[in-house]
Amino acid sequence: MHLESTLRASRDTGRKLLVPYVTGGLGKDWLDVVRACSDAGADAIEIGIPFSDPVMDGVTIQEASQRSLDIGATPESVIAQASELDIAAPIAVMTYYNIVAHMGHARFASLLANAGIDAAILPDLPVDEMKRGGWDATARSHGVECVLLASPTTTDARLVEICAAASGFLYAVSLLGVTGERKGLANTAASMGARLKAATDIPVLLGVGISTPEQAAEASSHCDGVVVGSALVRRLLQSGGPIEAHKFVASLRAALDA
Amino acid sequence: MNPPVRGGGVILGPQGPEPSEAGRFGEFGGRFVPETLIAALEELENEFRAAWHDDAFRSEFSDLLGSYAGRPTPVTECHRLSDKLGVRVLLKREDLTHTGSHKINNVLGQALLTRRMGKGRVIAETGAGQHGVATATAAALFGLECTVFMGAVDVERQALNVWRMRLLGAEVIPVTSGSATLKDAVNDAMREWVASVETTHYCLGSVMGPHPFPWMVREFQRVVGDEAREQCRSILDGGDPDYVVACIGGGSNAMGTFAGFVDLKDTALVGVEAAGLGLETGKHGAAVNRGVPGYVHGMRSLFLQDEHGQVLEAHSISAGLDYPGIGPEHAALAASGRARYESATDDEAVSGFVLLSSTEGIVPALEPAHAIGWLERAVGDTIPSGSTVLVTLSGRGDKDAAQIAERLGSL
Ligand SMILES: Cc1ncc(COP(=O)(O)O)c(C=O)c1O
């Protein structure tokens, strides 16, 4: 339980948590981008394993996934490359359930564990289907944590079930919609943060749509921290590399620490 | 179980079986979607179940099918085609419905449900534009806002249907992600639904997607099979066809047809998939014949995938069959062996298109032309001469005439 224990320990010192998202296999220097994020003050890193049909993602991450697939990324290659990382921050992969099921639960979980990856986030595998198919049990037996998502439409009864089954952190979807940058923080973010904080002691991170240092700071005042994806990936698509990534993540870090 | 409704000759048989509690048909189906959609799918499931057992809803649906969609559609016996092929061919004439395909049955049901749930907007995906046109039609009829997602490639190929949808008041959004065809239109419709789920109903066009769609769409389409069974009995002196054949995109016209016959052990059920340029070329849409189990578009079913689980592009001459998956109930029928899944190539579909036009004066849509084309090949091979075969003619060919004219040149 490296991800959750790391996040809890930081949170308990009063620090707001920062988890940037990077699409795996996106360009030759993607591992350096991940290292730069870690150096710039990320508390954990989310690595996307690209899938052909990412229904929870907006145009930016769709484009990054497609580009990564076009230059030959596969689930195995992304995980194998990630195993070379020697960073302090724990790692979670984010992908879609078909990738996991196609490889087989046990094989996927053991590849993650052997690569030193701590957790998996599968946004199209809701809690009931996760339990029915047994992914949580297999993941647990390999020491892989299951980050679950809760959304503004999640009922109270389901929220109890989600909190009980989640490990690593609880991903609070800040708005009704898919990933992608937004001009302002959604008005659902504050209530989501407060509602989830009241429901669980697991670290609660708001994500989806959080785009700027200001939004990150505001969102984190309602919970334990934030996930930032499209705003970083857009910079990488616009030919940004480790230097730009470092600069952007450092600006998020500074806003959270202020 | 409610008694059959027979307003104006439309035959709405008793309700068919529900999938298991988790939305499963055998090992297939389920609800593999972002958490945001779960509450809406639960609401839809409950609302549909209640409506489907509510006599007022059923009679309103059946009235609409009669007075608006033009049901019941006839079963036509094809004497000249039968002579030519050496089997007795009956056609269930969904081509004669308003808007020209079976898609209207499903959208009228879903439009009634949309109103019942108090939602004011529908969204839909479309390939050829038939489901988009049907949805735009129902939206105009019910005064609903309507947005249709259509692959940019299909927007090019089916310009007339795009114009029709806009005429009907719908907004048409070209989808440029992925392969810019039907599979990507489904993705974008789902993304839009995640963002607008509180006010919008996703009017899915086939027996696919997360529970309850595969079940609900089959039930809205079962009128095809329920009518055909009775009509066949009156033509066949109380007998049933030996074979019931329908083309498969997502599988809604086939599932609606099969629903009327699935309990008849002596009637064989045959779904015909798109073999495109040939099954061995990799350029086809044959998810049962060449797919493997996977989780895409909210369901566990069979999909064309590469070795890593990335979904492959389908290929078919007909935009309506250009889909790399199939509805979960078909996957279960294939697994149990109750139905068989065959395929017809682009060339065979064109041959079926010409054959039915020239022998019977009925121009089929390219989708059901696959069923005719397969039959042409199968008689004397897998189908014994002298058999009686019901084919669902899911739509008419007007939309395809220009494409075939270009392909065949002057006749
Ligand atoms: C005439 C016609 N038949 C068949 C189909 C395929 O859909 P399904 O398999 O759901 O019946 C379509 C889809 O566009 C169609 O327009």
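How many residue pairs are in polar contact between domain 1 of chain B and domain 2 of chain B? The count is ten residue pairs, both residues at pLDDT 80 or more, where a polar contact is a pair of N or O atoms within 3.5 Å; within protein, one atom must be able to donate a hydrogen and the other to accept it, and residues adjacent in sequence count only if both atoms are side-chain atoms.

This is a predicted model, in which local features need pLDDT of at least 70 and side-chain atom pairs count only at pLDDT 80 or more, whereas totals for chains, interfaces and linings use all residues. Residues are numbered from 1 along each chain as its sequence is written, chains are lettered from A and ligands numbered from 1 in the order in which they are written, and side-chain values use heavy atoms, with hydrogens and water left out.

**Domains of chain B**

Domain 1 of chain B covers 24-55 + 64-68 + 102-217, and domain 2 covers 75-100 + 224-408; these bounds come from an automatic or database domain assignment. Taken over C-alpha atoms, the centres of the two domains are 22 Å apart. A salt bridge (a side-chain nitrogen of Lys or Arg within 4 Å of a carboxyl oxygen of Asp or Glu) is found once across this interface. Glu27(B) and Arg300(B) form a salt bridge through their side chains, at 2.4 Å from N to O.

**The two interfaces**

The table sets out both interfaces. Contact means heavy atoms within 4.5 Å, and buried area is the accessible area (1.4 Å probe) that two parts lose on being put together, summed over both.

| Interface | Residues in contact | Buried area | Share on carbon and sulfur atoms |
|---|---|---|---|
| Chain A and chain B | 35 residues from chain A, 36 residues from chain B | about 2800 Å² | 54% |
| Domain 1 of chain B and domain 2 of chain B | 38 residues of domain 1, 37 residues of domain 2 | about 3000 Å² | 62% |

Within domain 1 of chain B, the residues that lose the most area to domain 2 are Phe28(B), His102(B) and Lys183(B), together 24% of what that side buries.

**Backbone features**

Two cis peptide bonds may be described. One runs from Arg71(B) to Pro72(B), with omega near 0°, and Pro72(B) lies in the loop between α2 (55-67) and β3 (75-78) of chain B. Another joins His211(B) and Pro212(B), with omega about 15°.

Ser239(A), not a glycine, has a positive phi of about 60° and sits in the loop between α12 (230-237) and α13 (242-257) of chain A. Ser239(A) counts as exposed, at 68% relative accessibility. Ala180(B), also other than glycine, has phi near 55°, and this residue is buried, with a relative accessible area of 8%. Buried means under 20% relative accessible area, exposed over 50%, and partly exposed in between (1.4 Å probe, protein chains only).

Conventions
Helices (H or I, at least four residues) and strands (E, at least two) are DSSP runs, numbered from the N terminus.
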